[in-house]
Structure formats: C-alpha cells, structure tokens
Amino acid sequence: MAKILLHGSLHATIYEGDSLSNPNRTTGSAPKFFRKLVEGIEETVGLGKGGSHLYATIDLDKARVGRTRIIHNEPVNPRWYESFHIYCAHMAADVVFTVKEEQAIGASLIGRAYLPVQEILNGEEVDRWLDICNEDRNPIGGGARIHIKVRFFDISTERTWSRGIRSAKFPGVPYTFFSQRRGCKVTLYQDAHVPDNFIPKIPLADGKLYEPHRCWEDIFDAISNAKHLIYITGWSVYTEITLIRDSKRQKPGGEVTLGELLKRKAEEGVRVLMLVWDDRTSVGLLKKDGLMATHDQETENYFRNSEVHCVLCPRNPDDGGSFVQDLQISTMFTHHQKIVVVDGAMPNLESQRRRIVSFVGGIDLCDGRYDTPYHSLFRTLDTAHHDDFHQPNFAGGSIKKGGPREPWHDIHSRLEGPVAWDVLYNFEQRWRKQGGKDLLVQLRDLGDIIIPPSPVTFSEDRETWNVQLFRSIDGGAAFGFPDTPEDAAKAGLVSGKDNIIDRSIQDAYINAIRRAKDFIYIENQYFLGSSFDWKADGIKPEDINALHVIPKELSLKIVSKIEAGERFTVYVVVPMWPEGMPESGSVQAILDWQRRTMEMMYTDIAQAIRAKQIDAEPKDYLTFFCLGNRETKKSGEYTPEESPEPDTDYIRAQEARRFMIYVHAKMMIVDDEYIIVGSANINQRSMDGSRDSEIAMGAYQPYHLATREPARGQIHGFRMALWYEHLGMLDDLFLQPQSLECIRKVNRIADKYWDLYSSDNLDRDLPGHLLTYPVGITSDGEVTQLPGLEFFPDTKASVLGTKSDYMPPILTT
C-alpha cells in the first residue's frame with residue numbers, strides 16, 4: 001500500500017484488548033481463568049514467566065508515536081483507556097497498534113492491528129475493533145482484537161498554521177503542564193558577557209534602540225543581593241570560576257569565586273540549595289572520548305560541611321522501566337537544566353518586599369563558559385581566560401601549551417513575573433524527588449515579604465511579555481506527577497510505559513514552526529532527528545529512534561511555502577563538530593546523524609522546487625552555518641611555556657591561528673515575534689522527555705507582533721545583535737530575513753568567511769565569525785563533500801561523519 005503524508009495532529013484512544021493470547025507462553029491460548037491462576041502462581045513462587053504485563057503502542061508505519069502504561073495480570077482483556085494527542089509529520093500507509101508483553105529484558109510481541117491511513121484522511125472519527133495479526137498480517141486466532149478510536153486533523157485545518165501569533169489573546173502552546181503567563185518581563189543574553197559599546201545602534205519600535213544585557217553580571221548581582229533563597233540546578237557547576245572579569249566593568253567583591261560567594265550567602269542565612277548532575281558515566285565509550293568533565297565530585301567535596309546544600313543527583317529512571325532501560329538511563333542520560341532562582345528586590349528598592357527572579361538557558365555556571373562576542377582564541381589567555389582555559393578537542397590541551405582556546409557562544413534569559421514562579425516550582429519538584437532532606441524555603445511563611453505570583457508589568461505597558469515554561473522531564477526526576485494516564489493528560493503530560501513524561505519543549509518547537517509565516521532562525525548545539533524519514537543508506541532507519549519531528553516540520557513548512565509560491569527561509573547555526581576529539585567515534589557518529597538529517601530536509605525541498613519548476617537552489621530556503629575565528633599574532637601576546645606535540649591537530653590549529661567557536665546555544669526565533677530559549681538541544685536526548693532533563697521558555701511581546709508590519713520589539717533587536725556578532729556588520733537586507741536577497745547575501749558572506757578561515761594564508765583577523773557549513777548540496781538535495789575538503793581544517797576528522805558500528809544510537813542521538 002502506498003505511503004501517504006500525515007501532517008497535522010492525530011487524536012487516538014486505545015481502549016482495551018479482547019481475547020488476547022500470547023504465543024510465547026505455554027498458557028498462551030488457555031481459558032482466561034486457568035491462565036490467571038497459573039500465572040498468579042508463577043508470580044508468587046518466582047518460577048516461569050509470572051503474571052502478564054501488557055502494553056500497547058501506536059506507530060505510523062515504523063515510527064513509534066505513543067505507548068500505554070503496562071496493565072498487570074490481565075492476560076486476556078487488558079483495559080488501558082488511554083488517549084494520545086500526537087503531532088505527526090510522517091509518511092505512512094497504516095496506523096499500527098501493537099500489543100506487547102514486558103519482560104525483564106525487552107518485550108515479546110503478541111500481535112499488531114492495522115488501520116489504513118486512507119481511512120482517516122477525511123477527518124472523520126474512526127471508532128472500531130481491529131483484528132490483531134501476526135507478522136504475516138493474518139489474524140492470530142481466538143478472536144484477538146483491540147478497540148481503538150482515531151481522528152486525524154490535517155495541518156490545513158489548524159487555525160494558526162502559517163498565521164503567526166496575531167494577537168495578545170494567543171493562549172500559548174496547548175496540552176502542556178505550565179500555562180502561558182502574562183505580565184512578565186524577559187531579559188535576553190548573548191554569551192556570558194557583552195563589553196561596553198560592542199553592539200551598534202539597532203532601531204526598535206517606538207523610537208527605542210536595542211540595549212544588550214550581561215548575563216554573568218546579572219547572575220552575580222542576583223546571587224549577591226538574595227536575602228532568602230538561592231536555588232541552582234546545573235549539568236555542571238564549578239566553584240573556582242569568577243563571574244566578573246571585564247576590567248572596565250568591575251564590581252565590589254567581583255573577584256570572589258562562585259564557590260566563595262555561595263558559601264558567604266549561606267553563612268548570611270540565605271538558603272542555598274544546589275542540584276548538580278551526578279555523572280555516573282562508567283560507560284567506557286563516553287569516558288574515552290572525553291565528553292563529560294563536570295567537576296561534580298569536586299563541587300560536592302567543596303561544599304561538604306558548609307551551609308550550602310549541594311546534592312549530586314543522577315538521572316534516575318522512573319519506576320517502570322526494564323533492567324536494561326534503567327541501566328541506560330542512569331549511565332547514559334543527564335540532568336541538563338541550567339537554572340538559578342533567587343528572591344530579588346522590588347524595582348523601586350524602597351519596599352522591603354521581595355519577588356522571585358529566575359534565570360533559564362544554555363549557560364552552565366562552570367569553566368569554559370565565560371566569553372564575549374569577540375570570541376578570542378589567543379588574546380585573553382593572560383587575562384579573562386588564563387585561569388579558565390577550556391580546550392577539550394585536543395589531547396593534552398592546556399594553558400601551558402597555549403591557544404587556541406575553544407571560544408563559547410551561548411544564550412540565556414532572565415524571567416520575572418508569574419513565570420519565574422514556574423521555574424521555582426520546577427526546582428521544588430526536582431528537590432522533593434532527589435534532594436533528600438526537606439530544606440526548601442516555605443514561602444507561605446514569608447507571605448508578608450515575598451510577593452506571590454503576580455504581573456510585574458501593566459497590561460498597557462508596551463514592553464510587557466507573555467511567557468510559557470516548557471520541560472523535558474519525567475516522574476523519575478520530578479515529584480508529584482499524577483499516577484494515572486487520565487490525570488496525566490489533564491495536567492498536560494504524556495503517559496509512557498509506566499512513567500509519566502513532560503515533553504512540552506518538543507511541542508513548543510512544533511507549534512512555533514507551524515505558526516511561522518516568514519522565517520525561522522535557529523542556533524543549537526545539535527541538529528538531528530526525524531530518523532523515520534532518513535534514507536536507508538547503510539542503516540535501518542527504524543532502529544535509530546531519533547523520532548522527534550522538528551527537522552521534518554521545518555522541511556514541510558518550506559515545502560508548503562514553495563507550493564504556495566511564497567518565500568520562507570530557515571537559518572540554522574550549529575558547531576563545526578560536537579565538542580570532543582573530532583576524529584572520535586562519538587563525534588563522527590553524531591556528524592553522520594546530522595548529515596542524514598540535513599539530507600532528508602534538502603531532499604524534500606529539492607523535490608518541491610522541481611515539482612514547482614522554479615529556478616532556485618535548496619540553499620535559497622534552508623542553509624546551515626557554523627562559527628569560527630582566526631586571529632593574527634599581536635605583540636605582547638601570552639607566550640606559552642610549552643608547545644603542543646608535533647603533527648597533532650593542536651599544533652596545526654595553533655600555527656594556523658584558527659579554531660571553531662563552539663555553538664552551545666539552544667534558541668529559535670520565529671518571525672522576530674516569538675523566541676524559545678533553554679537547555680534543550682535539537683536531538684532525541686533533549687526532546688524525548690524520558691532521557692535528558694531539560695527546561696526552556698517560549699515568549700513574545702504582545703505589542704510587538706508581526707501582523708501588519710514586521711515585528712520590531714526586543715526579539716528583533718536580539719536577533720540583529722546576534723547577526724552583528726556573527727557577521728561583523730549590519731545591513732538593511734537583514735531586516736527582511738525571509739527575502740531571497742537576504743539569504744543569498746548571508747550565504748555569500750559566510751562563503752567568503754569560510755574561504756578566509758580555511759585559507760593557507762592569514763593577512764588579517766577574520767572580519768566575522770559566520771561560516772558556511774562546509775558541505776555541498778546538490779540540486780537533488782544530496783549532502784556531499786566539498787572538493788578537497790574531506791576533513792575539517794587542521795584535523796583528520798571527516799566533515800560528513802562516519803557511521804559507528806560499536807556505539808548504540810541511543811547514546812549519540
């Protein structure tokens with residue numbers, strides 16, 4: 001049967017199974033009473049297979065899109081009664097309902113039921129019993145069947161499809177744990193610090209100019225001025241860093257380390273609680289490639305016997321997984337949220353009352369993160385980076401051997417108003433699950449001091465924000481999730497196989513892409529997914545399980561615009577390679593997944609261009625970039641006492657005076673009116689909900705929407721500031737990023753900068769940092785090697801990546 005594109009939303013309910021029999025059990029086809037009796041005895045005495053543990057899944061062809069909880073000891077007539085809201089962007093011939101029995105290791109198949117996609121395309125509700133079949137699609141006998149209900153809503157019926165936010169009444173992303181909050185204030189940060197006078201004049205609406213903000217200065221002030229609570233979560237927190245390093249912007253006490261500052265605040269009586277990921281990666285593959293260096297043990301030891309309560313928390317699984325899954329989760333996945341929550345002074349400073357302020361984004365409070373938009377490689381090695389030299393991409397990288405250091409580009413935010421309390425609640429849920437002692441400040445006891453959740457801007461304030469908090473997390477990491485699928489669905493959560501999951505970050509991205517009218521700008525540390533639509537080139541796509549639909553949603557958006565004869569552009573900025581030794585197995589595997597993702601998207605676009613018979617290139621609609629820097633040598637520069645080993649990436653990069661700028665940002669801007677900022681990468685680990693724990697915010701300014709005129713609020717100013725940082729210039733064309741002229745100009749500049757970056761000659765500093773991602777795109781959408789560029793400069797690392805034969809995809813996707 002031919003596959004058909006299902007793009008929209010699928011509302012599905014799995015009610016119950018009937019007359020099930022398990023061919024893998026000796027009691028499989030016996031009467032129900034006898035089966036329950038025998039299996040109950042097996043369960044009690046610990047012999048045989050014990051009681052039945054049945055669950056059902058929903059697949060669009062071979063892509064898993066939903067699964068129920070496990071029903072125990074109901075081998076014949078399990079009753080799930082679970083409903084699913086599924087965002088789909090899949091080619092499929094059938095909606096497949098599979099019934100399986102959970103085992104200690106893996107699961108055994110009972111059978112599958114098939115609903116042809118053709119039958120749901122008209123949008124009518126289908127409510128029926130389906131026969132359960134064997135691998136040959138023949139009924140398994142005994143009358144086994146499953147009762148389901150399905151209704152498909154095509155994307156064309158969505159009222160917000162390609163129409164933007166449109167008004168201040170936009171309710172936010174539906175089916176989520178946290179509602180959208182009004183009357184908030186958002187501060188956006190590029191990098192940990194921005195020096196004075198770096199950003200040129202960027203005009204905004206109402207005659208205003210964009211003003212940059214300084215992340216680590218603001219975090220230093222927030223911690224220093226806290227009176228009651230300081231709550232921190234991090235993938236890594238390092239006590240030895242200093243937050244204030246700009247000699248022209250010194251602050252009293254700014255030389256103190258983060259560890260000393262937190263100890264001092266705790267001694268003042270402030271409750272300081274920290275949840276730091278406990279890196280249990282005893283998996284040799286990870287350690288060998290040096291991907292994790294979090295100082296978790298050092299940080300715990302530093303605060304031991306102090307007033308600071310620092311808890312190392314592993315990424316514990318929820319209760320329902322198999323032995324293998326539990327092992328995978330605790331050793332392969334991380335706590336990745338990066339938040340700071342404090343009580344802050346009221347704006348007028350006269351009142352003694354306090355309010356909650358939260359920070360959310362991509363920047364961990366650890367070594368290697370402090371940087372400015374200059375992203376120097378060599379020139380700060382005797383100042384800001386002398387005691388904070390970070391270069392994990394070379395064996396033996398150290399300040400003694402000199403640069404290039406690895407520059408760090410990142411994005412963060414500060415949230416004030418009701419949404420700041422949602423961040424606080426997230427911390428409280430996590431602390432109650434993994435923090436041990438109940439040390440949380442009882443805020444109701446401080447009701448006369450700390451103002452409860454309330455707007456911090458008036459509704460008529462043109463600088464007000466509406467903000468919604470999103471997460472990837474499950475009941476293994478957050479306390480108080482509902483127990484039943486029904487209650488989970490009401491709370492905007494998804495039910496898994498005996499775990500309850502919040503995966504609203506993925507939902508936020510999907511909703512924002514679907515709303516987009518003109519352009520999307522993405523910066524992310526990773527970009528891979530939608531593996532169900534990758535080419536079967538040396539892999540079985542169904543084995544990869546990088547199933548989130550964000551890349552496919554992007555390509556389908558572009559295709560829909562090409563078909564409608566409209567402009568639309570997507571700009572994606574990623575690192576040159578994922579941090580680590582570029583030749584290593586893990587880095588090469590991730591680059592391979594990235595290439596497959598890009599090729600899937602470019603193939604969609606190329607086919608649409610050809611079908612429309614227009615004169616265009618795929619890169620006129622979608623283009624990928626990385627960041628890099630190159631510096632000439634200046635007199636008085638730091639002189640290292642040793643040299644790197646000969647014939648290494650390190651010495652070659654040092655002699656060529658170049659290196660990538662590591663893109664660690666996790667951000668998406670849509671039409672200059674909506675922004676997502678958080679800790680989540682565009683990969684399955686971050687978007688799954690039951691892998692890495694993540695947090696993000698989605699926000700817009702209701703007075704600065706792209707309705708009749710282009711949006712010219714803070715989000716527009718922030719994007720223009722980022723483009724100035726990356727391109728070293730501003731241009732009027734950048735005001736219309738959707739235009740063909742703009743994307744072609746940006747591509748030309750990035751091509752030129754790549755040529756300068758990769759050249760054998762160095763006459764001057766690189767004038768900007770934005771580099772074309774060094775791959776070729778054919779008119780058919782194939783991603784190819786550029787002539788003479790098999791490897792990244794100064795390395796023997798393949799640009800296109802290499803499929804790993806020994807690393808499980810769950811680790812690298």
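Are Y602 and F624 buried or exposed? Both Y602 and F624 are buried, where buried means under 20% relative accessible area, exposed means over 50%, and partly exposed covers what lies in between, with a 1.4 Å probe and protein chains only. Before I go on, please keep in mind that this is a predicted model, in which local features need pLDDT of at least 70 and side-chain atom pairs count only at pLDDT 80 or more, while totals for chains, interfaces and linings use all residues. Residues are numbered from 1 along each chain as its sequence is written, and side-chain values use heavy atoms, with hydrogens and water left out.

Let me turn to the aromatic rings. A search of the whole structure finds 26 aromatic pairs, a pair being two rings of Phe, Tyr or Trp (for Trp, its six-membered ring) with centres within 6.5 Å, called stacked if the planes are under 30 degrees apart, edge-to-face if over 60, and tilted for the rest. One of these pairs is W235 with W277, which is stacked, at 6.2 Å centre to centre and 20 degrees between the planes. This pair links distant parts of the chain, since W235 belongs to the loop between β11 (229-234) and α3 (258-267) and W277 to strand β12 (residues 271-277), 42 residues apart; helices (H or I, at least four residues) and strands (E, at least two) are DSSP runs, numbered from the N terminus. W235 counts as buried because its relative accessibility is 12%, and W277 is buried with a relative accessible area of 0%.

The pair I opened with, Y602 and F624, has ring centres 6.1 Å apart and planes at 65 degrees, so it is edge-to-face. Here too distant parts of the chain are linked, with Y602 in helix α11 (residues 585-612) and F624 in strand β23 (residues 622-630), 22 residues apart. Elsewhere, F394, W577, Y650, F659 and F792 form one aromatic cluster.

Next, strand β28. Strand β18 (residues 465-474) runs antiparallel to β28 and is joined to it by 7 bridges, two strands being paired if DSSP finds at least two bridges between them. Within that pairing, F470 stands opposite A696. Strand β27 (residues 674-678) is also antiparallel to β28, through 5 bridges, and I675 has A699 as its bridge partner.

S690 and S472 are 218 residues apart in sequence, yet 7.2 Å apart in space, C-alpha to C-alpha.

What is the strand order of the open sheet of 4 strands? The order is β5-β1-β9-β8, with antiparallel pairing, and the edge strands are β5 (79-92) and β8 (126-131), each of which pairs on one side only. Strand β1 (residues 4-18) and β5 share 12 bridges, among them the one between L10 and I86. Helix α9 (residues 504-515) packs on the sheet, touching β1 and β5, at about 45 degrees to the direction of β5; contact means heavy atoms within 4.5 Å, and axes are lines fitted to C-alpha atoms, for helices over the stretch in contact, with angles from 0 to 180 degrees between N-to-C directions. Helix α10 (residues 550-563) lies across β1 and β5, running at about 50 degrees to β5.

I will finish with the backbone. A cis peptide bond joins G403 and P404, with omega about 5 degrees, and P404 has its place in the loop between β15 (354-361) and β16 (408-409). S19, although not a glycine, has a positive phi of about 55 degrees, and lies in the loop between β1 and α1 (32-45).
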